[in-house]
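I opened a new structure today and went through it piece by piece. These are my notes, in the order I looked things up.

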Amino acid sequence: MFDSQCPGRRRREGPAEEGLALEVGARMRRVTLFLNGTSSNGKVVAVYGTLSDLLSIASSKLGIKAASIYNGRGGLIDDIALIRDDDVLYICEGEPFMAPQTDGLRGPEEIPGAHSDWLTLNVGGRYFTTTRSTLLSKEPDSMLAHMFRSGGVLEEAKFFGIDSLIEHLEIAIKNSQPAEDHSPISRKEFVRFLLATPTKSELRCQGLNFSGTDLSRLDLRYINFKMANLSRCNLAHANLCSSNLERADLSGSVLDGANLQGVKMLCSNAEGASLKGCNFEDPSGLKANLEGANLKGVDMEGSQMTGINLRVATLKNAKLKNCNLRGATLAGTDLENCDLSGCDLQEANLRGSNVKGAIFEEMLTPLHMSQSVR
């Protein structure tokens, strides 16, 4: 069923159907990619779309012409559905799979038969047979448990005081750790993700890094950008209807002409951003919520903000010229040195707000400004 508030996007269905949609396509899986035969300089990427899409991303991230993908045991992956969240994958250009090298040192997981659960121990000439799980579960902090736990070689070296081996092992372990990839998500990557996700799903992009990315004119309705880094992004004319931007970093971003109907921007940081000509008005009555937001120095000239919630927000030195703020909640808001000339402030709540140095046009000021206005 189509959403009457936002034509073109399907309304989210009941809990069961919504849960199914989320399971099918909304959850973003992340994997670590390594070049074939290596265990350093890995790249963390999002998995979406088809296997060809992942090979394309791998080619870009690793600087090769990716042709095939293997798991850590050398199994060829021919279906993207086989990939799980947090998998470690090895990318080849067509050559056979090669086990990752760690400076010639091999851990228990690389020794043939090391993963067999049954073990035979020689204790003073007597042989005992037990299982790995028994040794690990009964006394998890014992030396035996450390010896037979995957990656327990360093603990053994420390136990026996083999200092030269300890140093080599620590270096090998450090080099084998996946490198943290903090690079922002590109427009191309994000558009692929959007196209691969059902329209009625709620996209969860909480905490992701989009810094400096061009997201202009995209349909971003209902997306959860909570705590995401959107600093210096180009969001001009984007449709952010009912999106969640709570505590997001929008500093220095451009949102000119964006559709922000019913947007949630509680405690977001939009200092120095440009929001000229934005539309916050929702015909259905759903009000945009910018309570507690940092809007220092923003340019919101000509924006439609009827009924908007700007309670205790900071708008110091902001440009609000010719804005429609009819019925807006501005209680406790810092409006110091704001340019409010030409604004419609009829029925606006300015109780306890700081209007020191603010510029008003007397004919459009509120009819009943509270005496508590500072």
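Before the strands, a rule I kept beside me: two strands pair if DSSP finds at least two bridges between them. I also noted that this is a predicted model.

**Entry 1, the sheet.** With that rule I looked up strand E1 (residues 29-35) and strand E4 (residues 88-92), and they pair in the parallel sense over four bridges. For one of the contacts I went down to residues: Thr32 has Val88 in E4 as its bridge partner. Next I wanted the whole sheet. It is open, has four strands in the order E2-E1-E4-E3, and its pairing is mixed. Strand E2 (43-47) and strand E3 (68-70) are the edge strands, each pairing on one side only. Neighbouring strands of this sheet are turned by 40° against each other on average, direction ignored.

Which strands does helix H2 lie across? I found that H2 (residues 51-62) lies across E1, E2, E3 and E4, and that it runs at about 155° to E2.

I listed the buried residues of H7 (residues 187-195) and got Glu189, Phe190, Phe193 and Leu194. They sit on the same side of H7, because they cover an arc of only 135° around the axis. On the face turned away from that buried side I found the exposed residues Lys188 and Leu195.

**Entry 5, salt bridges.** My count came to five salt bridges, and I wrote up some of them.

- Arg84 and Asp87 meet through their side chains at 3.7 Å, N to O. Arg84 counts as exposed at 59% relative accessibility, whereas Asp87 counts as buried at 15%.
- Arg187 and Asp214 meet at 3.5 Å, N to O. This pair links distant parts of the chain, with Arg187 in helix H7 and Asp214 in the segment after H7, 27 residues apart. Arg187 is partly exposed at 30%, and Asp214 is partly exposed at 33%.
- Asp344 and Arg326 have their closest N and O atoms 3.0 Å apart. Both are in the segment after H7, 18 residues apart. I noted Asp344 as buried at 18% and Arg326 as partly exposed at 36%.

Note on methods: Residues numbered from 1 in each chain as written. Predicted model: local features only at pLDDT ≥ 70, side-chain atom pairs only at ≥ 80, totals over all residues. Heavy atoms only, no water. Buried < 20%, exposed > 50% of the residue type's maximum accessible area, 1.4 Å probe, protein only. Helix = DSSP H or I, 4+ residues; strand = E, 2+ residues; numbered from the N terminus. Arc of directions from axis to C-beta. Axes fitted to C-alpha atoms, helices over the stretch in contact; angles between N-to-C directions. Contact = heavy atoms within 4.5 Å. Salt bridge = Lys/Arg side-chain N within 4 Å of Asp/Glu carboxyl O.
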